[in-house]
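My entries follow the structure.

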Amino acid sequence: MPDKRQPAGADTRERIDGYLSRSGLAAQSPRVVPLTGDASDRKYFRILLPDSPSIVLSLYSSSFEFGTLPFVNVARLFEQMPVPIPTVLGHADDLGVLALQDLGDVTLQAHLGAATPAEHAALYRESVELIATLQRRGAELESGGCLPYRIAFDIEKLTWEMDFFIKHFLEAYRGVVLSAGARSDLQRELGVLVETLASEPRVLCHRDYHSRNLMLHGGQLYIIDFQDARMGPDTYDLVSLLRDSYVDLPDQTVEELIAYFLALKGQTARAHEFRHRFDLMALQRNLKALGTFGYQTTARRNPVYIQYIPRTLRYVRNNLDNLPQFQDLADMLATHVEEFR
C-alpha cells in the first residue's frame with residue numbers, strides 16, 4: 001500500500017525528478033514546463049525531450065493505486081468503445097504521478113478563434129458524434145466493474161450541487177444573506193428541478209464535456225478530464241457542450257446540433273420533448289457552474305473564472321424564460337441577484 005502522506009510532504013520538483021529518473025527519461029536532460037491546470041487540485045507539467053515526443057505529467061495531491069485510479073478505470077472503458085483519449089504512458093504510484101500522451105495546447109475553445117465557419121461546424125458535429133458514441137457504446141459495455149456505472153446524477157448528487165450553488169455563488173461570491181425561510185423556499189424549488197432530472201432514464205455521461213475538455217491534436221478531437229464519468233440524463237453532455245460557459249454559440253447552431261444529435265440516435269420524433277428536457281438540464285448545470293466559479297474565486301482565490309459568470313447567468317435567465325413552471329424559482333433568484341432578472 002503506497003504511503004498516502006508522501007506527496008503532500010514532498011517537493012513537486014523532487015516528485016517529477018523521481019519519475020524521470022525511474023523511467024530513464026532523466027538521461028535525456030529533459031526540460032520541465034509547468035502547464036495551466038484545471039479547476040481540480042492536480043498539477044500538470046510538460047516534459048520536453050530532445051530525442052522523443054514530449055509527454056505530460058499529471059501530479060495528484062496524494063499517492064494512488066494505479067489499478068483503482070478513476071482516470072485509469074474510465075480510460076479502459078473509453079478505449080473499448082473506442083473514443084479518442086490520451087494514452088497512459090507510465091505512472092509512479094507512491095509519487096502520485098501519472099504520465100500521459102501530450103496532446104498539445106489547442107483546446108476546442110482555443111481553436112474556434114482561428115477556425116473557419118466550415119471548420120467550426122465540422123468540429124462541433126464531430127463533438128456531438130462522440131457524445132452519441134459514448135451513450136450507445138456505454139449502454140453496450142455496461143459492467144459493474146466500471147466505476148461510471150456505479151455512480152449517477154441521482155437526487156443526492158444533484159441536490160449537493162444546488163446547495164453548492166447557494167453556498168459558493170449566492171452567499172460567498174455575491175454576499176447574499178438568506179433567512180432560514182428564504183433558504184428553505186429556494187431549496188424546495190431547486191428540489192423540484194432535481195427530482196425531475198433524477199427521475200429520467202440514465203445513460204453514460206462524461207460529466208464535464210465542453211470546449212476546454214476537447215483537444216485538437218493531429219487533426220482529431222480527443223476527450224480529456226473524463227475521470228468523473230457517471231450515469232445521468234441523455235441531455236447532460238449535450239448541454240455541457242452547447243450551453244458552455246466558455247463559448248458563445250448562436251441559437252441557430254445550438255438548434256441544428258440538437259437536431260443532428262437526435263438524428264444520430266434515430267429520435268427525431270422526440271424533438272419537442274427532448275428540447276424541454278435540454279432546458280431543464282441546462283438550468284441545473286449552469287447553476288452548478290456558477291457555484292464552481294464562485295468557489296474558485298472565493299475559496300481557491302482563483303479569479304480566472306469571473307469572466308465566465310456573465311455568460312452563465314445569461315444561460316440561466318434564458319432557461320428560466322423557457323420554463324414557466326419555474327417562475328417562482330426565477331423570482332426568488334432575481335430577488336437576491338439582479339442579473340437573474
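I paired rings of Phe, Tyr and Trp (its six-membered ring) if their centres lie within 6.5 Å; planes under 30 degrees apart count as stacked, over 60 as edge-to-face and the rest as tilted. This is a predicted model, where local features need pLDDT of at least 70 and side-chain atom pairs count only at pLDDT 80 or more, while totals for chains, interfaces and linings use all residues. Residues are numbered from 1 along each chain as its sequence is written, and side-chain values use heavy atoms, with hydrogens and water left out.

**Rings**

I searched the whole structure and found 16 aromatic pairs. Phe78 and Phe226 make a tilted one, 5.3 Å centre to centre with 50 degrees between the planes. This pair links distant parts of the chain, 148 residues apart. Phe78 is in helix α3 (residues 70–80), and Phe226 is in the loop between β8 (220–223) and β9 (230–232). I took helices (H or I, at least four residues) and strands (E, at least two) as DSSP runs, numbered from the N terminus. Phe78 is buried at 0% relative accessible area, and Phe226 is buried at 0%. Buried means under 20% relative accessible area, exposed over 50%, partly exposed in between (1.4 Å probe, protein chains only).

Next I checked Trp160 and Phe164. Their ring centres are 4.9 Å apart and their planes are at 25 degrees, so the pair is stacked. Both lie in helix α6, four residues apart, about one turn of the helix. Trp160 is partly exposed at 48%, whereas Phe164 is buried at 14%.

I also found a cluster: ring pairs link Phe165, Phe169, Tyr173 and Phe340.

**Charges over rings**

I required NZ of Lys or CZ of Arg within 6 Å of the ring centre and within 35 degrees of the ring normal. Arg212 lies over the face of Tyr246, 4.5 Å from the ring centre. Arg230 has its charged end over the ring of Phe153, 5.5 Å from the centre.

**Glu161**

Is Glu161 buried or exposed? It is buried, at 0% relative accessible area. Glu161 is in helix α6. Its contacts (heavy atoms within 4.5 Å) include Phe153 and Arg207, leaving out residues up to four places away in sequence.

**Helix α7**

I looked up the buried residues of α7; among them are Leu186, Glu189 and Leu190. The buried residues of α7 pack against α6 (155–173), α10 (271–298) and α12 (327–336).
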